[in-house]
Amino acid sequence: MPALMIHAAWVLIAAFVLSIAYEFYRSTVKAGVSRHDTLRGFMTQVITLYLAAGIVIALLFTGQMWAAWVGLVFCILVILISIFYYNPVIQLERQPALLDWVEDLVFTGLLFVAAVQLMYVVMGFRLS
């Protein structure tokens, strides 16, 4: 089982735990600030994005080489969504404060870390 794949899975766990905690905060404490800050929206995200992330993370823990490809594609897609949709649309509608920007940067940064680790796996690199 490639160690980098396991490391990437743990990085994704950290990213999505941060994200789910932040989105729960936005849907409760900041409810109504924007159309995205609702419990219904939070539950929709849990069912779609976080369920998909959980499946990808579980696949990475299997250590199958094809799972690294799935994880890499997933990371790249979420990074692209973050950069080209979340930031210019959702984030701006939320009237972001410092906490919002920090969470966004840390989340996206963790996705980049996991993507690089998975890129190394698919390229055949190993931790020695």
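## Helices, a core and a charged network

The crossing of helices α1 and α3 is left-handed, meaning that the near helix is turned anticlockwise from the far one by less than a right angle (clockwise would be right-handed). Helices here are DSSP runs of H or I with at least four residues, strands are E runs of at least two, and both are numbered from the N terminus. The model is a predicted one, in which local features need a pLDDT of at least 70 and side-chain atom pairs count only at 80 or more, while totals for chains, interfaces and linings use all residues. Residues are numbered from 1 along each chain as its sequence is written, and side-chain values use heavy atoms, without hydrogens or water.

**How the helices pack**

- Two packed helices are described by the angle between their axes and the distance between the axes.
- The axes of α1 and α3 come within 12 Å and cross at roughly 30°; an axis is a line fitted to C-alpha atoms, for helices over the stretch in contact, and angles run from 0 to 180 degrees between N-to-C directions.
- α1 and α3 are therefore roughly parallel to each other (under 35 degrees is roughly parallel, over 145 roughly antiparallel, 65 to 115 roughly perpendicular, and the rest oblique).
- On the α1 side, Met5, Leu12, Phe16, Tyr22 and Glu23 make this contact, and among their counterparts on α3 are Phe74, Cys75 and Tyr86; contact means heavy atoms within 4.5 Å.
- For α2 and α3, the axes come within 8 Å and cross at roughly 150°.
- That angle makes α2 roughly antiparallel to α3.
- The crossing of α2 and α3 is left-handed.
- Residues that make the contact include Leu49, Val56 and Leu60 of α2, together with Trp66, Gly71 and Val78 of α3.

**The nonpolar core**

- A nonpolar core is a set of buried Ala, Val, Leu, Ile, Met, Phe, Trp, Tyr and Cys residues joined through side-chain atoms within 4.5 Å.
- The largest such core has 26 residues, and Met5, Leu12, Phe16, Leu60, Leu111 and Leu118 have the most contacts inside it.
- Two or more residues each come from α1 (3-28), α2 (39-62), α3 (65-93) and α4 (98-122).
- The biggest share comes from α1, which gives eight residues.
- Take leucine 12 as an example: beyond its neighbours within four places in sequence, leucine 12 is in contact with Val56, Ile57, Leu60, Cys75, Leu111 and Ala114.

**A network of charges**

- There are five salt bridges in the structure, a salt bridge being a side-chain nitrogen of Lys or Arg within 4 Å of a carboxyl oxygen of Asp or Glu.
- One of them joins arginine 26 and aspartate 37, whose closest N and O atoms are 2.7 Å apart.
- This pair links distant parts of the chain, with arginine 26 in helix α1 and aspartate 37 in the loop between α1 and α2, 11 residues apart.
- Arginine 26 also meets aspartate 100 in a salt bridge, at 2.9 Å from N to O.
- Since arginine 26 lies in helix α1 and aspartate 100 in helix α4, the pair ties together parts that are 74 residues apart in sequence.
- Both arginine 26 and aspartate 100 are buried; buried means under 20% relative accessible area, exposed over 50%, and partly exposed in between, for a 1.4 Å probe and protein chains only.
- Another salt bridge pairs the side chains of arginine 94 and aspartate 37 (2.8 Å, N to O).
- Arginine 94 lies in the loop between α3 and α4 and aspartate 37 in the loop between α1 and α2, so this pair ties together parts that are 57 residues apart in sequence.
- Arginine 94 is buried at 2% relative accessible area, and aspartate 37 is buried at 1%.
- Through shared partners, salt bridges join Glu23, Arg26, Asp37, Arg94 and Asp100 into one network.

- Glutamate 23 is in helix α1 and is buried, with a relative accessible area of 5%.
- Apart from residues up to four places away in sequence, glutamate 23 touches Phe42, Gln45, Tyr50, Tyr86 and Arg94.
- Leucine 49, in helix α2, counts as partly exposed at 27% relative accessibility.
- Leaving out neighbours within four places in sequence, leucine 49 is in contact with Phe16, Phe74 and Val78.
- Glutamine 95 sits in the loop between α3 and α4 and counts as exposed at 58% relative accessibility.
- Although glutamine 95 is not a glycine, it has a positive phi of about 50°.
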